[in-house]
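Please find below a colleague's note on the structure, arranged as numbered points.

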Amino acid sequence: MKFYVTTPIYYVNDVPTVGHAYTTIACDVLARYHRLRGDEVLFTTGTDENALKVVRAAEAQGIEPKPFADDMADRFRQEWRELDISYDDFIRTTEERQHRAVQVFFDSLYRSGDLYVGKYEGWYCVSDETYFREEELIEGRCPNPECGKKVEWMSEPAHFFRLSKYEQALLEQIGRDPGWLLPEFRKNEVVNFIRGGLRDVCISRHSDWGIPMPSTVPDSEGAVIYVWVDALVNYLTCAGYPDDRDRFEHYWPADVHVMAKDIFVRFHASMWPAMLMSAGLPLPKRIVAHGWWTQGGEKISKSRGGAVPRPGPVLEMLMEETGCSRPRAVDALRYYMLRQVPFGQDGEFTGEGLLIRYADDLANDLGNLLHRVLPMIRRYRQGLIPAPCQAEPELHDAAKAAAGGWDKAVSTLDFRGGLEVIWEFLGAANRYVDHKAPWALAKSGDDAALDRVLYAAAEAIRIAACLVAPVMPSTSDEIERQLGLEGWERRWPQASEWGLLPGGATIGQSERLFPRADAAKSKASPGEHTAPKSSTSAGKEAMISLKEFQKLELRVGEIVSAERVPNADKLLKLSVDLGEETRTMVAGIALSYKPEELVGRSVVVVANLEPATIRGVRSEGMILAGWVEGDDQSIAIVTPDRPVPKGSVVS
Ligand code: MSP
C-alpha cells in the first residue's frame, strides 16, 4: 500500500513557530506509523516562497527575495531535522520542477475553459495573500479576525478561475464521501461557505516575483500566477506531476492533506478540489484541519509580534528544567503536542503543561516501568532476559487493546485518543509489576515465577516501545537499546504479538530516559515522604498478610548529598545511592539533622513508593525514621547496625 501525506508548505517570511511544528509532527507520526506497517510512504513538506509577503520581509532586511528565501528554507529544514521529522521530500516553490508543474497545471485550467480574462479591481490583503470584496472588509481592514491588517487596492487586468461553476460538484463530493473532510464540524463550515455562493477567483498578479504565466494563455505578458494556485500545486509536483507519469499514477491522489483551520475552508476544501476537477485530476482522499495552538487565548503566529514560542527555546527550557537530553526533549515536545489537545480543537501552549506531561506520563509511567524492571533483570538474572513465557493475559490483552486502539485512532487522526490507549497499557504494565512484586519472588526463591514476571514485564516494555515509536522515535530506539535489542527491526504487526523478545539476550546499559524534573510540577498530591508522626498499635483488622508485606520494596541506600529545601524548615532534599541508581528523596528530618551530618550515612528506604512532588521537589522514595523516645520533636533515621551493601533488600 502506498501512503502519501502532506503538510502545508510554509511561508518563509519568518522562522517556524510551535504551530508549524505541530502540523509537521502530526504528519511525521502518520508517515512513521505507515512505514512501520510496511506501506510505501511519501511524506512531503516545504516552503511557499512566491508570496508578496516574502518580498516585503526580504525588503525589510534589505536583501533580495531569493537569497532571503534560501536562508529561510534552510532554517525550516534545520528545524525539521532537529525535531526528527522524516520527510521524504522538501519542496520549495522557487524550484524549477515547481515552475514547470504550475505552468502545465495552469495551462490545463485554461484548456478546460475555466480561465477567462477580466479586470480585477478590489482589495488585497498581503498578509493573507487573499482578495476581498469591499463588503467583506471590517472598517477597511482584512476581515480575517487573526489578521485585521490594512488591505491594498489593486486594479489590473486579471485572469479568473470559474470557481462558481464547481459549487454543485463540490457539494456532491462532500455528500458522497463522508470521511473526505475532517473533522465533521469543520465540514459543515465548508458546506455553508459553498452554499453562500462561490465567486470566481482572480488567479493572476502583476509582479516580477512569482511563477510567470505560460505564454499559451492570452494576456500572459508580465503576469505571474496567484500564489495560492502555485502553492497548492506543490502537492502534485512532489508526486511527479507532470513529467514522471509512473510516479504520479502511483502516489496521486494524496491520502491526506493536513493543515490548520485557517487555510481549510476557502483554499484546501473549495478552491483546490475545484481546480483539480477542472484539470481532470483525482481529488485527494482526505483533507483534515486541526485547531490552533494559542497563547493567552490568541493564535500563535509569527505575524502577531511579541514573544512567539519556537521549538528551539522550548527544547532548551525543557532540558534545563529536567536535565533530560536533547533527543528526549524533542520526543517530549512531540508527545505533549499530540497528547495535550484533541486534534481539531484549539489548545493553549504552556511550558507548565509540557513539564507536567513530561513528569507524569514520561518520567513516571513510561520511564518508571523501564527503570524498575531493567535493574531487577540485572540484579536477579545477571542482565540476561529470561526465556520467553506464555502470554500473561492481563498484559497481553491490554497490549492488543492498545495496538487496536492506536490503529483506529490514527485512521481518524485522533492522536490524543490513540496515546490514551497506549498509556492505559503502560498503566496495566506498571500494575502488573506492583502486583507480582518480583522483589518478593526473589526473596522467596521462586525462580520460575520470577523468570516469568521479569520476562513478561520486559516484553511489555518492548511492546510499549513499538507502540510509541511513531510519536517518540528516538526514545523507542533508546528503550530497545536498553533492552538489548539494538538493530531490531521494528514492525507494526509485531507490536502486540507476544513473545518476540528473545530470551537470553543481554540487556544494554541503563540510563534514565526522562530524568525527574526538580521543577516539574506534578499532579500527584503532595505528601511528605517521612514516617507518620504517631504510631498506632495495629488492631487485628489493620493487620497485613506476609504477601502484602512482601510488596514493600525496602532497600539499603547511602546518602550521597543533602541540602535544605528552600522555604521549608523541616525538609531536606537527599540524594540516595541505591547501588543501581541514585534517587532524590525529600525527608522531614531537617530539625533533627544538619545536611552535612547525613552524607555517607546508610539508610533504609521504601523504594517502590509512588513518587510525589513536595515543595516543587520530586521525591522518589521514603527514608524510614522514628520519633526519639520522650522527645516528640526529634527524629532518628533507621540505619543497619553493620555495613550492608547499597541496594540490598531489607526483609
Ligand atoms: N503558505 C500557506 C500554505 C500553502 S499550502 C498549499 C500558509 N503558510 S503558513 O506559513 O501561514 O502556514 C500555515 C500553517 O501552519 C497552518 O495551516 C498550520 O498547519 C500551521 N500553523 C501555523 N501556526 C499555527 C498555530 N498557531 N496553530 C496550529 N497550526 C499552525 O498558510
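1. In what follows, Ala, Val, Leu, Ile, Met, Phe, Trp, Tyr, Cys and Pro count as nonpolar, Asp, Glu, Lys and Arg as charged, and the others, Gly among them, as polar. On that scheme, the shell around the ligand holds 14 nonpolar, seven polar and four charged residues.

2. The model is a predicted one, in which local features need pLDDT of at least 70 and side-chain atom pairs count only at pLDDT 80 or more, while totals for chains, interfaces and linings use all residues. Residues are numbered from 1 along each chain as its sequence is written, and side-chain values use heavy atoms, with hydrogens and water left out.

3. The ligand has 25 residues around it, and Ile9, Thr23, Asp48, Trp293 and Ile300 come nearest. A residue is near a molecule or strand if one of its heavy atoms lies within 4 Å of it. Strand 1 (2-11), helix 1 (18-36), helix 7 (227-237) and strand 11 (256-260) each contribute at least two residues to the shell. Helix 7 gives the largest share, five residues. Helices (H or I, at least four residues) and strands (E, at least two) are DSSP runs, numbered from the N terminus.

4. A ligand nitrogen lies 2.8 Å from a polar backbone atom of isoleucine 9. A ligand oxygen is 3.0 Å from a polar backbone atom of tyrosine 11, and a ligand nitrogen is 3.4 Å from one of glycine 19. The protein buries 96% of the 680 Å² that the ligand exposes when taken alone; accessible areas come from the Shrake-Rupley method with a 1.4 Å probe, and for residues only the protein chains shown count as cover.

5. The axes of helix 6 (residues 184-195) and helix 9 (residues 264-279) come within 10 Å and cross at roughly 80 degrees. Axes are lines fitted to C-alpha atoms, for helices over the stretch in contact, and angles run from 0 to 180 degrees between N-to-C directions. Helix 6 and helix 9 are therefore roughly perpendicular: angles under 35 degrees count as roughly parallel, over 145 as roughly antiparallel, 65 to 115 as roughly perpendicular and the rest as oblique. Contact (heavy atoms within 4.5 Å) involves residues including Arg186 and Phe193 of helix 6 and Phe264 and Arg266 of helix 9. By class, six of the contact residues are nonpolar, one is polar and three are charged.

6. Helix 7 also meets helix 9, with axes that come within 11 Å and cross at roughly 75 degrees. Among the residues in contact are Trp228 and Leu232 of helix 7 and Met271 and Trp272 of helix 9. The contact has 11 nonpolar, one polar and no charged residues.

7. How do helix 13 and helix 14 run relative to each other? Their axes come within 8 Å and cross at roughly 170 degrees, which makes helix 13 roughly antiparallel to helix 14. Residues including Ala398, Ala402 and Trp406 in helix 13 meet residues including Phe425 and Tyr432 in helix 14. The contact comprises 14 nonpolar, four polar and two charged residues.

8. The peptide bond from leucine 182 to proline 183 is cis, with omega near -5 degrees; proline 183 sits in the loop between strand 7 (181-182) and helix 6. Tyrosine 241 and proline 242 are likewise joined by a cis peptide bond, with omega about 0 degrees, and proline 242 lies in the loop between helix 7 and helix 8 (245-251).

Notes
Polar contact = N/O pair within 3.5 Å; in protein donor to acceptor, adjacent residues only side chain to side chain.
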